[in-house]
Amino acid sequence: MNVLLAILVGVLVGVGVYLLLQGSLARFLLGLALLSNAANLVVFLSPGLVRGHSPIVPVGSRALEPPYADPLPQAMILTAIVIGLGVLAFAVVLAYRVHQVLGTDDLDELRGTDR
């Protein structure tokens with residue numbers, strides 16, 4: 001399962017970088033979203049997959065009983081999802097405004113608007 005998910009991360013990064021290098025602003029945003037998801041998946045896979053219960057200390061116990069899932073990567077991923085969604089929402093609004101003002105989403109044409 002780890003190998004399959006590692007291949008999935010590689011595919012997401014490859015497609016994300018390919019889309020970032022295209023000339024369209026919309027494809028750039030899709031590539032940004034794919035790279036964000038690939039990074040989240042890498043953080044999720046970093047401690048390894050564990051078939052265990054939730055990391056909640058049972059009543060009357062002083063410590064967690066193994067096997068349990070590591071809560072730190074899960075918390076980091078939740079934070080990264082919120083930050084990534086905020087960045088993506090800002091980029092979508094910015095791209096919409098650029099298209100509204102300039103009438104194009106071609107990145108080569110946008111370089112000509114530098115003053």
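Reply: The lining of the largest pocket divides into 8 nonpolar residues, 4 polar ones and no charged ones. Here Ala, Val, Leu, Ile, Met, Phe, Trp, Tyr, Cys and Pro count as nonpolar, Asp, Glu, Lys and Arg as charged, and the others, including Gly, as polar. The model is predicted, so local features need pLDDT of at least 70 and side-chain atom pairs pLDDT 80 or more, while totals for chains, interfaces and linings use all residues. Residues are numbered from 1 along each chain as its sequence is written, and side-chain values use heavy atoms, without hydrogens or water.

A pocket is an open set of points on a 1 Å grid over the protein atoms alone, where a 1.4 Å probe fits, with protein on both sides within 12 Å along at least five of seven lines; a lining residue has an atom within 4 Å of a point. The volume of the largest pocket is about 200 Å³, counted as the space filled by probe spheres set on grid points joined across faces, edges and corners.

Which residues form the lining of the largest pocket? They are L32, A33, S36, N37 and N40, together with A80, I81, I83, G84, L85, V87 and L88. Helix 2 and helix 3 (71-102) each supply at least two of the lining residues; a helix is a DSSP run of H or I with at least four residues, numbered from the N terminus. The greatest contribution to this lining comes from helix 3, with 7 residues.

Helix 2 (25-45) also has a part elsewhere: it is among what covers the buried residues of helix 1, where buried means under 20% relative accessible area with a 1.4 Å probe, protein chains only. Those buried residues are L5, V9, L12, G16 and L19.

Technical notes: Buried < 20%, exposed > 50% of the residue type's maximum accessible area, 1.4 Å probe, protein only. Contact = heavy atoms within 4.5 Å.
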